[in-house]
Amino acid sequence: MEQEGRFVVTHADADAAVLKDVDRGQVHTLGGNPGVEQSEVIEGVLEPEPPMEVTYRLVEIETRRHLPIEESPEPPTEQERELAAEQAAGEVTRRERAGIGELHVLTVPDETTEAAVEDVLDDEATLVRAARLEVNRVEIRSEPGVVSVRYLP
């Protein structure tokens, strides 16, 4: 049965690729790699490969784009610092941005800021959320105790 949707490429090598459905959360392993790359967002159609129907193939690509997630050298904004100051360590505040996107501000212990940034950079959920929000890039800013994740148009 064909499945149409938006998919994030969570893994890709020469022989296979793994796509995660952005809206349904399902994970699909492709039996081969049709030229997709990790961190791409693909709108298209998948179908199970016979006879076992445990792997899939990408039968149609409507759109595809790379979705960069990058650490910025810029510090968090004043608004982001204020949000972080109002919450306890380990908490996150989410705010919609004017137009498209979101802002997430995490308050972390000073000594774990760098590790928190790495976690956000490596977290598949960051990529999936960015695809769901239909943004074009994700920017991470930090300073000791504050990590801001900006989902940008």
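This report walks through the chain's layout, its strands, its cores, its salt bridges and one loop serine.

The model is predicted, so a few ground rules apply: local features need pLDDT of at least 70, side-chain atom pairs count only at pLDDT 80 or more, and totals for chains, interfaces and linings use all residues. Numbering starts from 1 along each chain as its sequence is written, and side-chain values use heavy atoms, with hydrogens and water left out.

**Overall layout**

The chain has three helices and ten strands; these are DSSP runs numbered from the N terminus, with helices being H or I of at least four residues and strands being E of at least two. Reading from the N terminus, the order is β-β-β-β-β-β-α-β-β-α-α-β-β. The C-alpha atoms fill a box of roughly 55 × 30 × 25 Å along the principal axes. Of the 153 residues, 41% are buried (buried is under 20% relative accessible area, exposed is over 50%, partly exposed is in between, with a 1.4 Å probe and protein chains only). The chain exposes about 8400 Å², of which carbon and sulfur atoms supply 45%; accessible areas come from the Shrake-Rupley method with a 1.4 Å probe, and for residues only the protein chains shown count as cover. Among contacts (heavy atoms within 4.5 Å) with a separation of 6 or more, 54% join residues 24 or more positions apart.

How many of the ten residues of β1 are buried? Seven of them are, so β1 is largely enclosed by the rest of the structure. Strands pair if DSSP finds at least two bridges between them. β1 runs antiparallel to β4 (residues 40-48), with six bridges joining the two, and Arg6 stands opposite Glu43 in β4. β1 is also antiparallel to β2 (residues 17-21), this time through five bridges. A hairpin of four residues connects β1 to β2, and Val9 has Leu19 of β2 as its bridge partner.

**Two nonpolar cores**

In soluble globular proteins, nonpolar side chains tend to be buried together. A nonpolar core here is a set of buried Ala, Val, Leu, Ile, Met, Phe, Trp, Tyr and Cys residues joined through side-chain atoms within 4.5 Å. The largest one has 18 residues, and Val8, Leu67, Val147 and Val149 have the most contacts inside it. The elements giving two or more residues to this core are α2 (113-122), α3, β9 and β10 (146-152). α3 gives the most, with four residues. A second, separate core has ten residues, including Phe7, Val9, Leu19 and Val36.

Helix α3 covers residues 124-133, and Thr126, Leu127, Val128, Ala130 and Ala131 are buried in it. Asp123 caps its N-terminal end, with a side-chain oxygen 3.0 Å from the backbone nitrogen of Ala125. After α3 comes Glu134, whose phi is positive, near 60°.

**Salt bridges**

Searching the whole structure turns up twelve salt bridges (a side-chain nitrogen of Lys or Arg within 4 Å of a carboxyl oxygen of Asp or Glu). Here are some of them.

| Pair | N to O distance |
|---|---|
| Glu134 and Arg6 | 3.0 Å |
| Asp21 and Arg24 | 2.5 Å |
| Arg137 and Glu139 | 3.6 Å |

The Glu134 and Arg6 side chains meet in a salt bridge. That pair links distant parts of the chain: Glu134 is in the loop between α3 and β9 (137-143), Arg6 is in β1 (residues 3-12), and they are 128 residues apart. Arg6 counts as buried because its relative accessibility is 13%. Asp21 counts as buried too, at 0%. Arg137 forms a salt bridge with Glu139, and salt bridges that share partners join Glu80, Arg137, Glu139, Arg141 and Arg150 into one network. Arg137 counts as partly exposed because its relative accessibility is 34%, whereas Glu139 is buried at 11%.

**Ser72**

Ser72 is in the loop between β6 (69-71) and α1 (78-85). Is Ser72 buried or exposed? Ser72 counts as buried because its relative accessibility is 13%. Leaving aside neighbours within four places in sequence, Ser72 is in contact with Glu139, Ile140 and Arg141. A polar atom of the Ser72 side chain lies 3.0 Å from the backbone nitrogen of Glu74.

Note on methods. A polar contact is a pair of N or O atoms within 3.5 Å; within protein, one must be able to donate a hydrogen and the other to accept it, and residues adjacent in sequence count only if both atoms are side-chain atoms.
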